[in-house]
Amino acid sequence: MGKTSDLTAVQKTIIDTLHKEGKTQKVIAKEAGCSQSSVSKHINRQAKGRKKCGRKKCTSSRDNRTLQRIVTTNPFKNVGEIHKEWTAAGVSASRTTTRRLMKDMGFRCRIPCIKPLLNKKQHKKRLAWAKDKKDWTDAEWSKVMFSDESKFCISFGNQGPRVWRKSGEAQNPRCMRSSVKFPPSVMVWGAMSSAGVGPLCFLRSRVNAAVYQEVLEHFMLPAADQLYGDADFTFQQDLAPAHSAKTTSTWFKDHGIPVLDWPANSPDLNPIENLWGIVKRRMQYARPNNAEELKTTIRATWALITPEQCHRLIESMPRRITAVIEAKGAPTKY
């Protein structure tokens with residue numbers, strides 16, 4: 001053995017111990033079972049005051065702290081913008097060095113999580129709602145039919161600007177971007193319960209109260225028959241204008257269907273949001289060429305959702321409510 005890199009941990013321990021005892025390198029080599037040159041090199045490497053080999057770093061600890069402060073303050077900037085700001089502070093480094101140091105600091109370029117934009121009044125209402133529902137059992141939640149609309153695009157690639165963050169910072173408020181309601185375009189309506197999913201409805205026009213009531217008549221009622229039979233259930237919907245219209249409320253009263261009270265801007269409380277996420281992840285490698293092919297793909301993927309998956313999502317409701325209470329009404333990771 002002529003290389004110190006070939007020495008085992010045991011051999012290195014023996015060499016260090018015998019060297020401290022004042023043994024000669026020849027004796028140490030014999031005891032450790034290696035060459036005398038390996039002993040000599042190992043001892044020299046352990047000598048105090050030896051300078052490190054390799055190229056000298058082009059940035060100081062102060063420069064690195066400046067870079068970390070820039071990334072932490074502006075996590076949505078790209079590498080070029082961060083590099084420009086860093087060099088403007090008097091640091092001489094390449095763009096490659098900037099990226100490498102950011103990686104060494106633990107920053108990774110990720111798609112930001114999205115949270116609803118809530119005001120203080122909505123925080124209070126969410127907290128009050130969660131406290132009111134905190135004692136609901138799984139059996140009570142299983143009687144709720146959850147519904148929602150979701151937008152599907154032919155391309156799933158355009159997900160907006162990315163964010164620089166470290167591991168475990170996905171839910172850090174500074175690493176998230178706020179979402180607001182936007183006019184629906186190509187939308188899909190669906191419903192689920194702990195027993196499974198109902199039929200999908202592809203919305204062809206802007207959803208107003210009249211269109212929504214047609215959806216309820218031709219898709220929600222068949223879904224209720226499929227999932228609940230003759231058993232009673234409660235319907236869940238968000239507070240979109242078409243959902244909260246007076247004529248829609250009258251429709252529910254005329255059909256004898258109770259509606260669950262629901263806080264505004266609370267997709268994190270609705271388990272069907274996770275179901276939409278499952279469908280979209282399964283479709284991420286699909287490449288439909290037109291709207292009809294997209295609809296076919298959505299139907300096929302939706303049909304693969306099992307009752308077990310739905311049941312697990314419904315069982316998460318107590319945990320979602322606890323998370324909202326702990327967050328004092330703020331958006332949660334769900």
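Residues are numbered from 1 along each chain as its sequence is written, and side-chain values use heavy atoms, with hydrogens and water left out. In this predicted model, local features need pLDDT of at least 70 and side-chain atom pairs count only at pLDDT 80 or more, while totals for chains, interfaces and linings use all residues.

Side chains of opposite charge can pair when their charged atoms come close. A salt bridge is taken here as a side-chain nitrogen of Lys or Arg within 4 Å of a carboxyl oxygen of Asp or Glu. By this rule there are six salt bridges.

Lys77 is partly exposed at 28% relative accessibility. Glu85 is also partly exposed, at 30%.

Another salt bridge pairs Asp104 with Arg100, at 3.7 Å from N to O. Both residues lie in helix H6 (residues 95-104), four residues apart, so about one helical turn separates them. Helices (H or I, at least four residues) are DSSP runs, numbered from the N terminus. Asp104 is exposed, with a relative accessible area of 55%, whereas Arg100 is partly exposed at 43%.

Lys133 forms a salt bridge with Asp261, and here the closest N and O atoms are 3.1 Å apart. This pair links distant parts of the chain, 128 residues apart. Lys133 belongs to helix H7 (residues 120-133), while Asp261 sits in the loop between helix H11 (246-255) and helix H12 (271-282). Lys133 is buried, at 3% relative accessibility. Asp261 is partly exposed, at 43%. A network of salt bridges links Asp132, Lys133 and Asp261.

The structure holds one cavity of 30 Å³ or more. A cavity is a set of points on a 1 Å grid over the protein atoms alone, where a 1.4 Å probe fits but cannot get out; lining residues have an atom within 4 Å of a point. Grid points are joined across faces, edges and corners, and the volume is the space filled by probe spheres set on the points. The largest cavity has a volume of about 50 Å³. Its lining includes Phe152, Val186, Phe202 and Lys295. Helix H13 (residues 291-303) gives the most to this lining, with four residues. By class, the lining has seven nonpolar, no polar and one charged residues. Ala, Val, Leu, Ile, Met, Phe, Trp, Tyr, Cys and Pro count as nonpolar, Asp, Glu, Lys and Arg as charged, and the others, Gly among them, as polar.

Methods
Buried < 20%, exposed > 50% of the residue type's maximum accessible area, 1.4 Å probe, protein only. Helix = DSSP H or I, 4+ residues; strand = E, 2+ residues; numbered from the N terminus. 1 Å grid on protein atoms, 1.4 Å probe; cavity = no way out; pocket = protein on both sides within 12 Å on 5 of 7 lines; lining within 4 Å.
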